[in-house]
Amino acid sequence: MRSILLLSAVLLAAPGAAQDMPATPLKVPPPPAQAQAPGGAPPPLEVSVTGGISAPMPIAIPTMPTDRVTDTQAGSTDALGKQLADIVTSDLKSSGLFNPLPPAQLRTVMFPEVTQPAFSYWGGSGAQALVQGFVRANGDGTLTVGCYLYDVSAQTELMRQGFVVPPADWRRAGHKCADMVYTRLTGEGPYFDSRVVYVSETGPKARRIKRLAIMDQDGANHRFLTNGQSIVLTPRFAPNQQSIVYMSFVNDKPAIYVYDLGSGRQRLVTTTERQTFAPRFSPDGRWIVYSMSINGNTNIYRVPAAGGTPQRLTNTPGINTGGSYSPDGSRIVFESDRSGSQQLYVMNADGSNQQRISFGGGRYATPVWSPRGDLIAFTKIAGAFRIGIMSPSGSGEKLLTNSWQDEGPSWSPNGRVLMFFRQGRGNAGKADLWSVDLTGVNERRIPTPLDGSDPGWGPLRP
Amino acid sequence: MPRLTTSLLLAGALVATAACSKKHPEQLPPAPGPAPEQTQPTGPSGPVGDAVVPGSSADFKRSVTSDTVHFGLDQYDIDDTARAILDTQVAWLNRYPNVRVTIEGHCDERGTREYNLALGDRRANAAKNYLAGRGVDASRINTISYGKERPIALGSDEESWAANRRAVTVVLSQ
């Protein structure tokens, strides 16, 4: 049984909100004395996400000490403290909004110091923010990770959280800590504690072997889900993260399947002799929108995710595909060549009121609605493939990447970052996963064991 | 003697592929019965003259101008060149009315993945419709689109792209 392990994220009561103490309170060191007497009122510490030009915020993330060095299934607690700080550092750095201090500028933090930061030291380090934490092995085999965020110049605590995790999920405590810091300082939603499904690629270009794979957002905990005997394409998470919908050529019958992550079983979504592809779940998980080709015409359909009668949503000659729901489930963005070239359209979830929204030069493909609802990401084809964004009405088009072939964007859970794949040219051209934020400035390659394509970024983990 | 060996190998290969295809879910049309002209090739008294079994995939490839027709960029119309090729396929298919084929639609790498799955389906169906229009029973023709997943030319240049925009007629073993 490989069910998703539940992480109990325990928000420690801020001073003065003791009634919110969780049922399983964490024994963390008492709140810092500074919180009671903030003294002057320095300007609030915050990071601009959309500015793009402002320098990343210098932040110090020293190794998290342990109260007692203990061997656990995840390793010894002092080694974990170093690794957890590394995860928080890597996550925050990858956002492009933070500039973590190099290890040489960090000081060794002793356990009692976690809640009593050496502000005199940090004030001279150049860091504006400080993240401290601790690791503790619990009697029941779980780990507790405390995470504290401080404003260095104001010498105040901004936020703290504690996480109790099973040893196998220890990395998630680091991602949760990074999410806390990111959210508190940027005002944006969290996204580091999330996973990605994608297609792992290997072999010669004419006979690529493609396998479904799943990993954490940062490439850790990588696992293959299918064996590569059949071509698999376009995996996408169910909203509850317990299954993945994708397309497979198994038995030379190209069709959409749902892969159950708990059981490893796969089931056919619709029984038809026709080719079905381009599947995505609705935000409530009740529907799967997909495309089906009949005699050269491709239209968009939806079918109850549990199985049932498909319902056709588009009915025009040509190619209608790439359906993606708005986060409230009321609308669907898709691509159609009904005008003569691939363009983006929005319709109601029942197929009514189909309106074209893309009018720039070139072709537009693979639209995906942001989980925040404010933007639609797409692939723009004008010779090269580039990743772009526009509002759901089609205004404010902005291209974020500029390479030979960037295709298939997928949104981070907070709608601020896109993952896509970049195809290289020619015989030796390989595909890799990349991410880019909405400024278009922060472009990064996502590490994968083999080549990668068709990323599907999952929701934030509970 | 070498010729006989070839013939036996071919017969063995046919048996092997037939056994494989049994594992796949069958099509709705009735399973192909033993066609009269198909009964002999497995025996040594078959047409060992050139080691090609009539009605077989090898026979098809030898008899038609090409098993492949090509398309323009983002196009799926059957042009004169394609028509001439498909006409030779029609003639052969009319000679072997029990033979079934799959037409594979393919695209070059300059379209997005899902669009290309749809475009490949268009191309396969354009070829299918042409064959059917010339009297080949449409129920004998399956289509499948591979989009841009199975290129035969591996470059990122005009020549390779042109080679990859194609519909390929594949004879199914009986």
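The structure is a predicted model, in which local features need pLDDT of at least 70 and side-chain atom pairs count only at pLDDT 80 or more, while totals for chains, interfaces and linings use all residues. Residues are numbered from 1 along each chain as its sequence is written, and chains are lettered from A and ligands numbered from 1 in the order in which they are written.

**The two chains**

- Chain A holds three helices and 32 strands; helices (H or I, at least four residues) and strands (E, at least two) are DSSP runs, numbered from the N terminus.
- Chain B has five helices and four strands, and from the N terminus on its elements follow the order α-α-β-α-β-α-β-α-β.
- In chain A, 49% of the 462 residues count as buried, and in chain B 40% of the 174 residues do. Here a residue is buried if 20 or more other C-beta atoms lie within 10 Å of its own, exposed if 12 or fewer, and partly exposed in between, with C-beta atoms placed from the backbone.
- Taking contacts in chain A between residues at least 6 apart in sequence, 48% join residues at least 24 apart. For chain B, among contacts between residues at least 6 apart in sequence, 70% join residues at least 24 apart. Two residues are in contact if their C-beta atoms, placed from the backbone, lie within 7 Å.

**Where the chains meet**

- The contact between the chains draws 31 residues from chain A and 23 residues from chain B.
- On the side of chain B that touches chain A, helix H4 (113-133) and strand S3 (141-147) of chain B each supply at least two residues. H4(B) gives the most to that side, with ten residues.
- By class, that side of chain B has eleven nonpolar, six polar and six charged residues. In this scheme Ala, Val, Leu, Ile, Met, Phe, Trp, Tyr, Cys and Pro count as nonpolar, Asp, Glu, Lys and Arg as charged, and the others, Gly among them, as polar.

**Domains of chain A**

- The domain assignment gives chain A domain 1 (8-40 + 51-186) and domain 2 (194-460); such bounds come from an automatic or database domain assignment.
- The centres of domain 1 of chain A and domain 2 of chain A, taken over C-alpha atoms, are separated by 36 Å.
- Six residues from domain 1 of chain A and nine residues from domain 2 of chain A make up their contact. Helix H1 (residues 77-94) of chain A provides the largest share of the domain 1 side, three residues.
- The domain 1 side of this contact divides into no nonpolar, four polar and two charged residues.

**Helix pairs**

- In chain A, H1(A) and helix H3 (residues 170-186) pack at an angle of about 45 degrees, with their axes 8 Å apart. H1(A) is therefore oblique to H3(A). Axes are lines fitted to C-alpha atoms, for helices over the stretch in contact, and angles run from 0 to 180 degrees between N-to-C directions. Angles under 35 degrees count as roughly parallel, over 145 as roughly antiparallel, 65 to 115 as roughly perpendicular and the rest as oblique.
- The contact of H1(A) with H3(A) has eleven nonpolar, two polar and two charged residues.
- In chain B, the axes of helix H3 (residues 80-95) and H4(B) come within 10 Å and cross at roughly 55 degrees, and the crossing is right-handed.
- B:Leu86, B:Gln89, B:Val90 and B:Leu93 of H3(B) meet B:Ala127, B:Tyr130 and B:Leu131 of H4(B). These residues divide into six nonpolar, one polar and no charged.

**Two loop residues of chain A**

- A:Pro283 lies in the loop between strand S16 (275-281) and strand S17 (287-294) of chain A. A:Pro283 counts as partly exposed because it has 17 C-beta neighbours inside 10 Å.
- Leaving aside neighbours within four places in sequence, A:Pro283 is in contact with A:Pro239, A:Tyr325, A:Pro327 and A:Gly329.
- A:Gly360 sits in the loop between strand S23 (355-356) and strand S24 (363-369) of chain A. With 14 C-beta neighbours inside 10 Å, A:Gly360 is partly exposed.

Definitions and conventions: A crossing is left-handed if the near helix is turned anticlockwise from the far one by less than a right angle, and right-handed if clockwise.
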